[in-house]
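Visitor: I've got a few "how do you know" questions about this one. Could we put it on screen and go through them?

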Amino acid sequence: VATTNMNGMEIKQKTYRKAPNKYAMTMSMNGNVMMQQAFNGERGVMKGFQGEQEITGKDFENLKINATLNAEMKYDELGVKVSLEAIEAINNKDAYKLKVVKPTGETTFEYFDTESGLKVQSKQIIVAPQGEFTQMENYSDYQEVEGVKFPFKIQISGVQNMELKVDSISVNTELSDELF
């Protein structure tokens, strides 16, 4: 569960994952659901103000990767190509720069701290009707939950800038398949 503020309004994001590849996310503003996304391992659906629609094409292929628990550890089986590009300074610390190419051809650069191994940044060039822009996510404030470190602060910059603060993380809960 994470929150952010936009124009004085609180936005809450709840994300659910269930092994091996189920995913659901709900975004609400001031308690009202704005958008829902779900993937049950075979089918992806998005619900919002414009009703329900099936997720298809590149969005579906990317959703399959996003739904995979610990996707970075399964890049080979997901058809994702990875190459080590360089070591660069991110926030004054050395980080491995990895070029990540999804089966859809989309390329992301992911940066992992050379000392801790934790992901500190993700960068992608987005092509939109307004032109090209860089979408960046910075990960920090890692905290341990049941033996696993998670970022509790995610700063997103690009078309919209926001800071997600993680309120809580629950691990190994019994999630109903109906969520997905």
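Visitor: Which strand gives the most to the lining of the second largest pocket?
Guide: That's β4, with 4 residues. Strands β3, β4 (32-39) and β5 (44-48) each put at least two residues into the lining, strands being DSSP E runs of at least two residues and helices H or I runs of at least four, numbered from the N terminus. Bear in mind that this is a predicted model, where local features need pLDDT of at least 70, side-chain atom pairs need 80 or more, and totals for chains, interfaces and linings use all residues. Numbering starts from 1 along each chain as its sequence is written, and side-chain values use heavy atoms, without hydrogens or water.

Visitor: What makes a residue part of the lining?
Guide: It needs an atom within 4 Å of a pocket point; the points sit on a 1 Å grid over the protein atoms alone, and a pocket is an open set of them with protein on both sides within 12 Å along at least five of seven lines. By that rule 14 residues line the second largest pocket, and Q37, A38, K47, L179 and F180 lie nearest its centre. The space comes to about 210 Å³, counted as what probe spheres set on the points would fill.

Visitor: Why is S28 called buried?
Guide: Buried means under 20% relative accessible area, exposed means over 50%, and partly exposed is in between (1.4 Å probe, protein chains only). S28 has 13%, so it's buried. It sits in strand β3 (residues 22-29). Beyond neighbours within four places in sequence, S28 is in contact (heavy atoms within 4.5 Å) with E10, I11, K12, V33 and M34.

Visitor: And why is N30 partly exposed?
Guide: N30 comes out at 46%, so partly exposed is the label. N30 lies in the loop between β3 and β4, and its phi is near 50°, a positive value in a residue other than glycine.

Visitor: What is the phi of N172?
Guide: Near 60°, also positive in a non-glycine residue. N172 has 68% relative accessible area, so it counts as exposed, and it lies in the segment after β13 (162-166).

Visitor: How do you know that the peptide bond from A19 to P20 is cis?
Guide: Omega is near 0° there. P20 has its place in the loop between β2 (9-18) and β3.

Visitor: Why is E132 called exposed?
Guide: E132 has 63%, so exposed it is. E132 lies in strand β11 (residues 131-145), and its contacts beyond four places in sequence are I125, I126 and V127.

Visitor: What makes E163 and K153 a salt bridge?
Guide: The rule asks for a side-chain nitrogen of Lys or Arg within 4 Å of a carboxyl oxygen of Asp or Glu. For E163 and K153 the N to O distance is 3.9 Å, and so the pair qualifies. The two are 10 residues apart, with E163 in strand β13 and K153 in strand β12 (residues 148-157). E163 also bridges to K165, at 3.6 Å.

Visitor: Are K119 and E110, the pair with closest N and O atoms 3.6 Å apart, buried or exposed?
Guide: Both are buried, and the 3.6 Å gap makes them a salt bridge. The total by this rule is 12.

How values were computed: 1 Å grid on protein atoms, 1.4 Å probe; cavity = no way out; pocket = protein on both sides within 12 Å on 5 of 7 lines; lining within 4 Å.
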